[in-house]
Amino acid sequence: MKRNFLILGLILLFSGLVCQVEAQHNINQVRAQSVKYQRLMALIDAFYVDTVNLERLTEDAIVQVLADLDPHSVYITAEDVEAMNEPLEGGFYGIGIQFAVLRDTLVVQDVVAGGPSEKVGLRAGDRIVAVEGENIAGKKMTYVDVHRYLKGEKGTVVNITVLRGTDRLDFRIVRDKIPLYSVDAAYMLDGTTGYVKVSRFAATTIEEFEAALKKLKGQGMQDLILDLQGNGGGYMGAALGLCDNFLKSLNLIVYTDGLASGRRDEFATAAGLFEDGRLVVLIDGNSASASEIVSGAVQDWDRGVIVGRRSFGKGLVQRQYPLTDGSMIRLTVAHYYTPSGRCIQKPYDKGGLEYEAEYFKRYTTGELLSADSIVVNDSLKYFTKVKKRVVYGGGGIIPDVFVPLDTSVNYLYFNRLIAKNVIGDYVNDYIDKHRTDLQKAYPDFASFNRDFVVTDGMIEDIVDAGVKAGVEKNEELLMPILPSMRLQLKALIARDLWDMNEMYQILNEENDELKKGVEILKDGTYDRILN
């Protein structure tokens, strides 16, 4: 009786999903396949030689079906449903990443700014293959499993191993309270140019961003540089709200279109806070999804200039559908298109592994060093809405002004110090010992930024701590990175004394994309591009 009930539940699981989908095509064929699957389960249950877990078989079948569709359609167990939304909804103790389990691989989708993983140098795209020496690569993991591995009490340590391209890297991460703000920094670069760093698109993004705009406009902002580097996306509604502040009323922001869902247009309203000032948007290869909606709309309406490197290339829209047991599927239901008609989704017809490796191939093809190495498809040529400039679809947003990746310095030694949390531990200890003295010597950030110097003695202490942590001193690799190392230390100390805003003011001294953004506003390039 119990088994018959389970089989009946399986039938309802599949047919119930079908009934929820509006404008379902080929309903008779779907019904026939549901009956076919029910027959398979009944035969296994009645005649298979060994005991089997029908629920597990069904989940495996769902996973495989979705895997054959596209890289972003996934199955989420009932236990995972609540956990998966946590990184966008609130705070918790952990290592500070947004992740996805894609084809039995734990992939870092985004790193929370100011969180423990950012401090040790974890990056979007890293694949976590081991936790505390236990191999997790290729294992069937739920979101609950991942949280069990990575979450824990504040101050506890977790050691992980990641694959970054072909490199295998070890990280020691100290769990902490995870800040989940969207706007990491908002300040004036000069008397008329404002800077805003948006690290993700979450529930509070629009509120935070509009507060930042009002603050900067009150300080005399006429031009804005919006930094979306490393922003892996999030809520589409937050991207729409951000664009609404830049575009004129009834300008098309984005439209989605799918076989069953049909076309849906999203337009700007008359409520924008920054519809007229000059706008520069910074992107890189980790700018994805919602970031690409924003940069694509800005570019297509000739509203601003895009600076940096080609974005990730995610142009698929997912919708969540609940199943009968509390689980759900996140199913791709449409492509999204920029106002000119571009779909910027990169190809995924060669399978998940090839799809995940595409970003790392940009290193080997030379694309990150030269704009001439970016491969474009003339059949996917489009034109911007106002100035009729040529833009391309088929794989990310190509910037108007290219900024090559700086490969002149080898940061391997510094990255090892960060990965072992030598830098983070040193900064924590330094602040604990010197906080009172620092606050007396530097009563405000301006005096700290002007006068504080990272000494040779501080560097020596870090090198010695690195040796104790298993990072052998390498004078050849250390000397070229000393300026960056001093800057990073100063920025981290500033963050602990003040906030992320002050940290970015220091770090941005080495932000080549930001420097280029300021330059094109000053030297006439901005106006030449848009006029």
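Trainee: Hi! Can we start with β18? Is that strand enclosed or open?

Mentor: Happy to! This is a predicted model, and in it strand β18 covers residues 328-337. Seven of those 10 residues are buried, so the strand is largely enclosed by the rest of the structure.

Trainee: Which way do β17 and β18 pair, and over how many bridges?

Mentor: Strand β17, residues 316-322, pairs with β18 in the antiparallel sense over seven bridges. As one example, Gln-320 has Arg-330 in β18 as its bridge partner.

Trainee: Nice. What about β1 and β13, how do they pair with β18?

Mentor: Strand β1 (residues 74-76) is antiparallel to β18, with three bridges, and there Tyr-75 stands opposite Ile-329. Strand β13 (residues 252-257) also pairs with β18 in the antiparallel sense over three bridges. In that pairing, Tyr-255 has Tyr-337 as its partner.

Trainee: Tyr-255 again, then. What sits over its ring?

Mentor: The charged end of Arg-263 does, 3.6 Å from the ring centre. You can find another such arrangement at Tyr-149, where Arg-148 lies over the face of the ring at 4.9 Å from its centre.

Trainee: Switching to rings with rings: how many aromatic pairs are there?

Mentor: Searching the whole structure gives 10 aromatic pairs. Take Phe-209 and Phe-246: their ring centres are 5.9 Å apart and their planes meet at 85°, so this pair is edge-to-face.

Trainee: Where do those two Phe residues lie?

Mentor: Phe-209 is in helix α8 (residues 205-218), while Phe-246 is in the loop between α9 (236-244) and β13. The pair therefore ties together parts that are 37 residues apart in sequence.

Trainee: Are Phe-209 and Phe-246 buried or exposed?

Mentor: Both of them are buried.

Trainee: Which residues make up an aromatic cluster?

Mentor: Tyr-442, Phe-445, Phe-448, Phe-452 and Trp-498 form one cluster.

Trainee: Last topic! Where is Glu-519 found, and how exposed is it?

Mentor: Glu-519 belongs to helix α18, residues 512-522. Its relative accessible area is 38%.

Methods
Residues numbered from 1 in each chain as written. Predicted model: local features only at pLDDT ≥ 70, side-chain atom pairs only at ≥ 80, totals over all residues. Heavy atoms only, no water. Buried < 20%, exposed > 50% of the residue type's maximum accessible area, 1.4 Å probe, protein only. Helix = DSSP H or I, 4+ residues; strand = E, 2+ residues; numbered from the N terminus. Pairing = 2+ DSSP bridges. Phe/Tyr/Trp six-rings, centres within 6.5 Å; stacked < 30°, edge-to-face > 60°. Lys NZ or Arg CZ within 6 Å of the ring centre and 35° of its normal.
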